[in-house]
Amino acid sequence: MGALENPNTDIGFCGRILVGLSLILLLITLPISIWMCIVVVKEYQRAIIFRLGRLLSGGAKGPGLFFVLPCTDNFINVDMRTVTFNIPPQKVLTRDSVAVCVDGVVYYRVQNPTLAVANVSNADAATQLLAQTTVRNVLSSMNLAEILSDHEDIAHFMQVTLDNATDDWGIEVERVEIKDVKLPPQLLRAMASEAEATCEARAKVIAAEGEMSASRALKEASLVIAESPSALQLRYLQTLNTIAEEKNSTIIFALPLEILPEFVNT
């Protein structure tokens, strides 16, 4: 890596002769040859120039305009923009022996174009294959519950792992996201049954707690009515008023015998 950052630019005696001949040929064929020497690099690109097979000093060139010598120089354009790669569905066997299918997305970019050209034959393909392998290796060491609940932590761990591995290739992994975790149909049915049973048990507990609270409220109300006999009459009148609001043609209301003496005395 250090040798690439500080390349040996000495092309030797024969190399100097070839470069000199190239310059002479360039001067003889002016102004036609000048158009073969001008190279334009876009804002999001960098050019890696090789002179007689050796990297030129100064690293990547661009963006802008620069010159190359015919016959002795060749260059490779490197795209510096962020690349989005969809991880194809990977079949993974978790630590608790559950087969799942996981897919995701990786965002990466070339950080050092010199390393991306000189250290690896195809940086994009190498990064994508490594991402697929990393997904399988990381998820196979975790339980199903961890995979389903800790998406963000798993994605961050994979991003750090990939970034460290691709550092020698001049690649920076910016982000990793898990898109979907597909479970076997049998496991989905079992989890749905478990969730349904849990919801039913919780509903029964809530209903029982409501009945308990209602019985306590009725007990307190009965104690209040017992303290005042006229309160019971008022309660019956209120009930009649409530029934009358339904606009029924006939109202049948049971009159307790305990309150008959009150009406007789009046």
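**Note on the predicted model**

1. Q159 lies in helix α7 (residues 151-165). Helices here are DSSP runs of H or I with at least four residues, strands are runs of E with at least two, and both are numbered from the N terminus. Q159 is buried, at a relative accessible area of 15%. The cut-offs are under 20% for buried, over 50% for exposed and partly exposed in between, with a 1.4 Å probe and protein chains only. Neighbours within four places in sequence aside, Q159 touches V173, E174, R175 and V176. Contact means heavy atoms within 4.5 Å.

2. Ground rules. This is a predicted model, where local features need pLDDT of at least 70, side-chain atom pairs count only at pLDDT 80 or more, and totals for chains, interfaces and linings use all residues. Residues are numbered from 1 along each chain as its sequence is written, and side-chain values use heavy atoms, with hydrogens and water left out.

3. Confidence. pLDDT is the predictor's confidence in each residue, from 0 to 100. Its mean over the protein chain is 80, and 82% of the residues reach 70 or more. Helix α1 (residues 2-5) has the lowest confidence, at a mean of 49. Strand β7 has the highest, at 92. Where pLDDT is low, the predicted coordinates should not be read in detail.

4. Salt bridges. How many does the structure hold? It holds 5. The criterion is a side-chain nitrogen of Lys or Arg within 4 Å of a carboxyl oxygen of Asp or Glu. One of them joins R109 and E174, with 3.8 Å between the closest N and O atoms. This pair links distant parts of the chain: R109 sits in strand β7 (residues 99-110) and E174 in strand β8 (residues 171-182), 65 residues apart. Both ends are partly exposed, R109 at 22% relative accessibility and E174 at 36%. E174 is also among the contacts of Q159.

5. Another salt bridge pairs the side chains of R175 and E177, at 2.7 Å from N to O. R175 is partly exposed at 48%, and E177 is partly exposed at 30%. Salt bridges with shared partners also join R109, E172 and E174 into one network.

6. D79 and R81 form a salt bridge through their side chains, at 2.8 Å from N to O. Relative accessibility is 33% for D79 and 43% for R81. Both count as partly exposed.

7. Sheet. Three strands form an open sheet in the order β3-β2-β5, with antiparallel pairing. β3 (54-55) and β5 (73-79) are the edge strands, each with a single partner, so one side of each has no neighbour in the sheet. Two strands count as paired if DSSP finds at least two bridges between them. Strand β2 (residues 45-51) and β5 pair over 7 bridges, in the antiparallel sense. Within β5, V78 is the bridge partner of R46.

8. Surface. Which residues form the nonpolar patch? I17, L18, L21, I24, I28 and L52 do, with about 550 Å² of accessible area together. Patch members have over 30% relative accessible area and no salt bridge; like charges are joined within 9 Å, and nonpolar side chains (Val, Leu, Ile, Met, Phe, Trp, Tyr) within 5 Å. Areas come from the Shrake-Rupley method with a 1.4 Å probe, and for residues only the protein chains shown count as cover. I24 is in helix α2 (residues 12-28) and is partly exposed at 46%.
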